[in-house]
Amino acid sequence: MISLSEESPEWRNFSPQSLGGTTMLITLNVEDADAVWDQAISLGAKIIFPLEDQPYGYRQGRIEDPFGHFWIISTRIA
């Protein structure tokens, strides 16, 4: 389970935008990277690196969610 929330400085929860960049990169390994990718883009994620087959056996791409968090969406293909 992964939980994300909006910024709440009173609880010392700051967004990547407030910090000037993200403090982590989340890799999400899923059965269907294309479906998850399409859903994320439809909900406002921005493409950092396009979803493509990689030579090391994964279909991966990197997005930034509307709150500034970076995600790698990944499916093993080999």
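In this predicted model, Tyr-58 counts as partly exposed, with a relative accessibility of 25%. The protein has 78 residues, and buried residues make up 28% of them. Two helices and four strands are present, and from the N terminus on these elements follow the order α-β-α-β-β-β. Along its principal axes, the C-alpha trace spans about 45 × 25 × 25 Å.

**The aromatic pair**

- The structure holds one aromatic pair, and its members are Tyr-56 and Tyr-58.
- A pair of aromatic rings is described by the distance of the centres and the angle of the planes.
- For Tyr-56 and Tyr-58, the centres are 6.4 Å apart and the planes make an angle of 45 degrees, so the pair is tilted; planes under 30 degrees apart would count as stacked, and those over 60 as edge-to-face.
- Tyr-56 has a relative accessibility of 49% and counts as partly exposed, because the term exposed requires a value over 50%.
- Tyr-58, at 25%, is also partly exposed, because buried means under 20%.

**The nonpolar core**

- Nine residues form the largest nonpolar core: Ile-26, Ala-33, Trp-37, Ala-40, Ala-45, Leu-51, Ile-63, Trp-71 and Ile-73.
- Helix H2 and strand S4 each supply at least two residues of this core.
- The largest share, three residues, comes from H2.
- Ala-45, a member of the core, is in contact with Ala-40, Ile-63, Glu-64, Asp-65 and Pro-66 when neighbours within four places in sequence are left aside.

**The largest pocket**

- The largest pocket has a volume of about 210 Å³.
- Its lining consists of Leu-28, Val-36, Gln-39, Ala-40, Leu-43, Ala-45, Ile-63, Asp-65, Pro-66, Trp-71 and Ile-73.
- Two elements give two or more residues to this lining, namely helix H2 (33-42) and strand S4 (70-76).
- With three residues, H2 gives the most to the lining.
- By residue type, the lining divides into nine nonpolar residues, one polar residue and one charged residue.
- Ala-45 belongs to the lining of the pocket and also to the largest nonpolar core.

**The segment before helix H1**

- Trp-11 lies in the segment before helix H1 (16-19), and with a relative accessible area of 66% it is exposed.
- Trp-11 and Ile-73 are 62 residues apart along the chain, and their C-alpha atoms are separated by 29 Å.
- Arg-12 is placed in the segment before H1, and its relative accessibility of 68% makes it exposed.
- The phi angle of Arg-12 is near 65 degrees, which is a positive value in a residue other than glycine.
- Ser-15 is found in the segment before H1, but it counts as buried at 13% relative accessibility, because this value is under the 20% cut-off.
- Ser-15 touches Glu-7 and Phe-67, with residues up to four places away in sequence not counted.
- Ser-15 and Phe-67 are 52 residues apart in sequence, and their C-alpha atoms are 6.5 Å apart in space.

**Contacts along the chain**

- Among contacts between residues at least 6 apart in sequence, 40% join residues at least 24 apart.

Conventions: Residues are numbered from 1 along each chain as its sequence is written. This is a predicted model: local features need pLDDT of at least 70, side-chain atom pairs count only at pLDDT 80 or more; totals for chains, interfaces and linings use all residues. Side-chain values use heavy atoms; hydrogens and water are left out. On a 1 Å grid over the protein atoms alone, a cavity is a set of points where a 1.4 Å probe fits but cannot get out, and a pocket is an open set with protein on both sides within 12 Å along at least five of seven lines; lining residues have an atom within 4 Å of a point. Grid points are joined across faces, edges and corners, and a volume is the space filled by probe spheres set on the points. Ala, Val, Leu, Ile, Met, Phe, Trp, Tyr, Cys and Pro count as nonpolar, Asp, Glu, Lys and Arg as charged, and the others, Gly among them, as polar. Buried means under 20% relative accessible area, exposed over 50%, partly exposed in between (1.4 Å probe, protein chains only). Contact means heavy atoms within 4.5 Å. A nonpolar core is a set of buried Ala, Val, Leu, Ile, Met, Phe, Trp, Tyr and Cys residues joined through side-chain atoms within 4.5 Å. Rings of Phe, Tyr and Trp (its six-membered ring) pair if their centres lie within 6.5 Å; planes under 30 degrees apart count as stacked, over 60 as edge-to-face and the rest as tilted.
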